[in-house]
Amino acid sequence: MAATTPRVLRLLALLQDRAYTGRELADRLAITERTVRNDISRLRELGYPVHAERGAIGGYRLGRGATMPPLLLDDDEAVAVALSIAVAADGSLAVSDLGEQLGRALRKIEQILPKRLQRKVSALREATEIGPATTGSREPDAPVAAGILTTLADAVRRTTAVTVDDGTELEPYRLINWQRRWYLVAYSLRTHDWTAVPVAGLTTATATGRVFAPRRLPDDDLVAFVMREIATSAWRVHARVTVLAPAETVIARINPAVGVVEPVDEHSCVLLTGADAMETIAIYLSMLMMDFRVDGPPELVEHLRTLARRYTESIA
């Protein structure tokens with residue numbers, strides 16, 4: 001039985017990947033086809049719906065059952081699932097009644113994770129804060145390599161410096177997840193200043209092993225710091241807009257990641273905003289539902305003129 005159980009688990013792992021013929025399974029597991037059939041029966045008794053199909057392209061495959069049987073995940077899959085649940089449980093999913101279920105699922109996974117994998121998951125959870133929820137237009141996703149993310153999280157946890165793509169050495173302090181994008185709050189030893197690094201833009205991140213003494217943070221609220229950095233410098237395109245409304249009114253209307261508001265007088269303010277596309281800025285401005293004047297860039301002015309013409313002609 002001691003030899004049978006690991007073999008059956010290996011068989012289950014194979015079937016979760018794709019369909020196999022009996023001969024392929026026997027070769028992969030170094031057993032006879034009769035033993036394969038016996039092990040398939042054991043899986044069925046445990047509630048796994050293993051289907052058998054005859055013919056030249058037939059074989060065994062794992063199907064859908066009436067109940068949810070246990071899953072068998074490899075190391076990378078287990079870490080990926082745990083990290084995804086952890087991020088979602090912290091509020092990245094705008095679904096109000098999933099919090100308890102996500103929490104239970106995460107506890108179950110963490111309970112059985114080997115310590116070496118548990119450290120990866122806990123390091124990322126401890127190093128991460130979630131940015132504010134947003135409504136309306138969302139920027140395109142910016143995927144991040146899991147290896148880079150876990151390296152940065154571990155460096156945050158251990159207060160050790162990292163070097164990135166061009167050899168810049170960073171002292172990492174916090175990871176911020178916002179709109180399915182990741183940013184690293186770090187002190188750059190190249191510029192000797194604080195920065196919010198878009199993690200998706202990194203191709204390498206290597207721990208140096210140098211332990212650094214924590215510096216005074218640029219803001220007590222690092223999420224707010226990242227939001228300001230995104231609004232003023234992180235986007236591909238930027239705009240300066242005078243809004244004909246008090247600064248307090250505009251601040252109450254927009255998300256801090258949309259832009260930075262600077263008062264001009266009691267009746268107007270300046271909005272510094274940005275996005276990955278000029279079209280997105282136009283959407284932001286329309287959602288303000290306030291009068292405004294675009295100070296720049298000229299490309300945004302031209303885009304708004306085109307939109308105004310289209311809107312006007314649509315109701316003529």
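Which residues does Thr128 touch, not counting residues up to four places away in sequence? In this predicted model, the partners are Arg174, Leu175, Asn177 and Trp182, where contact means heavy atoms within 4.5 Å. Thr128 sits in strand β3 (residues 128-130), and its relative accessibility of 11% makes it buried; buried means under 20% relative accessible area, exposed over 50%, and partly exposed in between, with a 1.4 Å probe and protein chains only. Helices (H or I, at least four residues) and strands (E, at least two) are DSSP runs, numbered from the N terminus.

A word on the ground rules. Residues are numbered from 1 along each chain as its sequence is written, and side-chain values use heavy atoms, with hydrogens and water left out. Because the model is predicted, local features need pLDDT of at least 70 and side-chain atom pairs count only at pLDDT 80 or more, while totals for chains, interfaces and linings use all residues.

Next comes helix α3 (residues 33-45). Its 13 residues should span 18 Å at 1.5 Å a residue, and the 19 Å between its end C-alpha atoms agrees with that; the expected span is 1.5 Å times one less than the number of residues. Val36, Asp39, Ile40 and Leu43 are the buried residues of α3. They cover an arc of only 105° around the axis, so they lie on the same side of α3; the arc is that of the directions from the helix axis to the C-beta atoms. This buried set packs against α1 (4-15), α2 (22-29), β1 (50-53) and β2 (59-62). On the face turned away from the buried side, α3 carries the exposed residues Arg34 and Glu45. After α3 comes Gly47, with a positive phi near 100°.

Helix α6 (residues 115-127) packs on helix α7 (residues 146-158) at about 70°, with the axes 8 Å apart. That makes α6 roughly perpendicular to α7, a label for angles of 65 to 115 degrees. Axes here are lines fitted to C-alpha atoms, for helices over the stretch in contact, and angles run from 0 to 180 degrees between N-to-C directions.

Most residues other than glycine have a negative phi, and most peptide bonds are trans. Thr159, in the loop between α7 and β4 (160-164), has a positive phi of about 50° and is partly exposed at 26%. Met289 has a phi near 60° and is exposed, at 68%. The peptide bond from Gly296 to Pro297 is cis, with omega near 10°.

Terms used:
Angles under 35 degrees count as roughly parallel, over 145 as roughly antiparallel, 65 to 115 as roughly perpendicular and the rest as oblique.
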